[in-house]
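Please consult the sequence and model below while reading.

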Amino acid sequence: MNYGESVGMLDNKNSEETWDADLMILNAQSLQGVANLLERNRNSPQSDPVLMWGIGLAVPVLLGLATEIALKAWQSRERKGKPDRSHDLLKLFDNLEKPTRMQLGAAL
């Protein structure tokens, strides 16, 4: 399995790439789980200060990546195809259909 397959982008030999929104959501949830696990272990009494600093850097990056993948999964579901090629979370969110934006906003 290559990186594209692991995040939900599947290489179709006969045409353009296809996107597996369910697998993308699963990967986003996994990244969120890793970030949560790191954060829970951040304040352990035997913590190495350098490790704790690294965790402090890693957690927001992992959560940002998880959010990006999840937003792209929503776009892929709506479009039944390729999501935007962007890392801008606001742009990805704004390019969702209004009912989806309302549903995601209500979930916060």
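The sections below cover the basis of the model, the overall architecture and the salt bridges.

## Basis

The model is predicted: local features need pLDDT of at least 70, side-chain atom pairs count only at pLDDT 80 or more, and totals for chains, interfaces and linings use all residues. Residues are numbered from 1 along each chain as its sequence is written, and side-chain values use heavy atoms, with hydrogens and water left out.

## Architecture

The chain contains 5 helices and 2 strands (DSSP runs of H or I, at least four residues, and of E, at least two, numbered from the N terminus). Their order along the sequence is α-β-β-α-α-α-α.

## Salt bridges

The whole structure holds 3 salt bridges (a side-chain nitrogen of Lys or Arg within 4 Å of a carboxyl oxygen of Asp or Glu). In one, the closest N and O atoms of aspartate 22 and arginine 77 are 2.6 Å apart. This pair connects helix H2 (residues 21-40) with helix H3 (residues 49-79) across 55 residues. Aspartate 22 is exposed at 54%, while arginine 77 is partly exposed at 36%.

Within helix H3, glutamate 68 and lysine 72 lie 4 residues apart, about one turn; their closest N and O atoms are separated by 2.9 Å. Glutamate 68 is buried at 10% relative accessible area, and lysine 72 is buried at 14%. Arginine 79 pairs with aspartate 84 at 2.8 Å; arginine 79 is partly exposed at 36%, whereas aspartate 84 is buried at 17%.

Definitions and conventions: Buried means under 20% relative accessible area, exposed over 50%, partly exposed in between (1.4 Å probe, protein chains only).
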